[in-house]
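Trainee: Please take me through this model one feature at a time, and begin with the terms we shall need.

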Amino acid sequence: MKPWHRRVMAPALLLLVALSMILSGCGESSGSGSKYGGSVTIVPAPNGVFTKNFNPFLANSSRTGTQGMIYETLLLFNRLNGNSTPWLASSYSWSKDATSVTFHLRQGVRWSDGQPFTSDDVIFTLKLMQRFPALDGNSLWSTIQNVSNPDPSTVTVAFKQPAVTMLWYLGGQTFIVPQHIWAKISDPATETNPNPIGTGPFLLKSFNPQLYVLGKNTHYWQAGKPYVNELRYPAYNSNTSADLLLSQGAVDWTGLFTPDVEKTFVSRDPEHNHYWFPSSDVVMLYLNTAKAPFDNLMVRQALSAVIDREKISKVAENGYDPIASPTGLVLPSNQKYLDPKYSSLSFSMDAAKATSLLERAGFKKGADGIYVDHSGKRLAFKIDVVAGWTDWLTASQIMASNFKAIGIDASVNVATFNDYISALAQGDFDTAISWTSPGPTPYFLYNSMLNSKNTAAIGQKATSNWARWNDHATDELLNKYDSSTDEAAQQEAIAGLQKIMVDQLPSIPLMYGPTWYEYNTTRFVGWPDQDNPYAMPAPYSAPDAELVALTIHQR
């Protein structure tokens, strides 16, 4: 996912953090021996001061914790191994032809206001996404035929064709909202939902632009959980010194990019300061293929050929992020899907190849040393990046330097997160460094990034295919995987998608995106690690972070 960074916390906020530690006090023990109580201080990301937005449909602008801590899914997937756990649904079953799936809901679940959770809420949530396509981030309704609930505990979703991959999107990525609240909201696509009511283990306890606190939901359906009393989220503007507080033990759980983490964090308290950075996705240089010159394959190939990925990995990412496979697979976790013909394929810098490609594409050097096309237009563009995301900013500066070295006028465009994400969604960008959205198999990363269902014309909101890749052969391969339960057929489809990534470069792979995750065990234990990988561990991973918050407890 995203690289997160740090900055000095205001003195008043430091005092709040310190008080929260004092007040965490001692607690009772559960039957399992896990000790109750305490306030967990979390810094998922340095996104600046907070706005009061707890809309679970707006993942990029709502507050961390909205998805998972407050609103829950029918199933919980562990993306590290692809396994699923019953959650709001206690079980599910597929029809023989994989054209429908039936969820059997858990009994005794209540919303945090005490109202019962029923199949009406699930049906309402799904139909809300149909009525307001902006809420349908995974394009569910391009595949769903209809939904029905024969009784308060059963929901059946029928598809237009076999759709086995929908289990992840429906069960693992759709956050259910209460009908009795959301039916009164006129425009859920712009709703900030300041007083969220969910089924999750926490509810909003207090809020101000510098700090919000989630407290226990006393109606939570898992008896005896959570163990901790509060989750406290202080605001940061950048990662410049958030890790100073982390290293001092003032923060319990972060998702920060931390330079030289062994020296700056672990060495300060080796007994309690820990980190684990499992690879989660592929960081891409997205090219806006809906406009020139990025609709030209030779231009895309030239740009890829001149990028110094080795320097980006070592200098920008402190060696944490290995260079990505040209196939777009996350290796080694996706190793079994790798087409053998690409087993030794890797990127290498080749400036001569890049200039040859540009000249074959019709570009010639202008008087200022910058290439121009046949109309005299200079080959110039911007690379978008978020302010404060220092590792990606450095990576973008390295790429801009690489491009300029061969006669391309590239510049780095630093933007606020909201402006950056809006530009990607609306297609108002040239190029941008950004993340990809993985799932239990490689299909989900490819589908999110490449499926034409997930894109839109420039000026209209694309849900996830920001590069605006629109290719019939790509869509056919994605559909082939999605409509088959035969593993050999699915493998063949994944091999075809690898070939498109290698040959067509719809986006340019740069490096693997680690899951940033540092934690301190002075006050709380039970954290996931490489020996106990029960969940994707970053505090910004949703809904995975919910499982972490339900597991940790006072030392």
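Mentor: A nonpolar core is a set of buried Ala, Val, Leu, Ile, Met, Phe, Trp, Tyr and Cys residues joined through side-chain atoms within 4.5 Å, where buried means under 20% relative accessible area, exposed over 50% and partly exposed in between, with a 1.4 Å probe and protein chains only. The model is predicted, so local features need pLDDT of at least 70 and side-chain atom pairs count only at pLDDT 80 or more, while totals for chains, interfaces and linings use all residues. Residues are numbered from 1 along each chain as its sequence is written, and side-chain values use heavy atoms, with hydrogens and water left out.

Trainee: How many residues does the largest nonpolar core have?

Mentor: Leu-170, Leu-231, Phe-403 and Tyr-420 have the most contacts inside the largest nonpolar core. Apart from this core lies another, of 16 residues, with Tyr-236, Val-251, Val-266 and Tyr-540 among them. For the largest core, the count is 145 residues.

Trainee: Which residues is Phe-403 in contact with, leaving aside its neighbours within four places in sequence?

Mentor: Contact means heavy atoms within 4.5 Å. With neighbours within four places in sequence set aside, the partners of Phe-403 are Leu-285, Leu-303, Val-306, Ile-307, Phe-381, Ile-383, Ile-408 and Ala-410.

Trainee: Which strands stand at the edges of the sheet, each with a single partner strand?

Mentor: Strands (E, at least two residues) and helices (H or I, at least four) are DSSP runs numbered from the N terminus, and two strands pair if DSSP finds at least two bridges between them. The open sheet of five strands has mixed pairing and the order β17-β16-β18-β13-β19. Because each edge strand has a single partner, one side of it is left without a neighbour in the sheet, and the two in question are β17 (409-415) and β19 (508-514).

Trainee: What is the bridge partner of Ala-380 in β17?

Mentor: Strands of a sheet pair through backbone hydrogen bonds, either parallel or antiparallel. Here β16 (residues 380-386) and β17 pair in the parallel sense, over seven bridges. Within this pairing, the residue of β17 that partners Ala-380 is Asp-409.

Trainee: At about what angle does helix α10 run to β17?

Mentor: Axes are lines fitted to C-alpha atoms, for helices over the stretch in contact, and angles run from 0 to 180 degrees between N-to-C directions. Helix α10 (residues 390-405) lies across β13 (279-287), β16, β17, β18 (431-434) and β19. Relative to β17, the angle of α10 is about 165 degrees.

Trainee: Which elements are included in what covers the buried residues of α11?

Mentor: In α11 (residues 417-426), the buried residues are Phe-417, Tyr-420, Ile-421, Ala-423, Leu-424 and Ala-425. Their cover includes β16, α10, β17 and β18.

Trainee: What is the volume of the largest cavity?

Mentor: On a 1 Å grid over the protein atoms alone, a cavity is a set of points where a 1.4 Å probe fits but cannot get out, a pocket is an open set with protein on both sides within 12 Å along at least five of seven lines, and lining residues have an atom within 4 Å of a point. Grid points are joined across faces, edges and corners, and a volume is the space filled by probe spheres set on the points. The largest cavity is lined by residues including Leu-74, Phe-103, Val-155 and Leu-170, and α2 (119-131) and β7 (residues 154-159) each supply at least two residues of the lining. Its volume is about 40 Å³.

Trainee: Which residues lie nearest the centre of the second largest pocket?

Mentor: The second largest pocket holds about 910 Å³ of space. Elements that each supply at least two residues of its lining include α12 (442-450) and α14 (487-504). Of the 33 lining residues, those nearest the centre are Gly-82, Tyr-337, Pro-440, Thr-441 and Tyr-481.

Trainee: Is Ala-98 buried or exposed?

Mentor: Most residues other than glycine have a negative phi, and most peptide bonds are trans. Ala-98, in the loop between β4 and β5, has a positive phi near 60 degrees. Because its relative accessibility is 5%, Ala-98 counts as buried.

Trainee: Where is Pro-293 placed?

Mentor: A cis peptide bond, with omega about 0 degrees, joins Ala-292 and Pro-293. The place of Pro-293 is the loop between β13 and α7.
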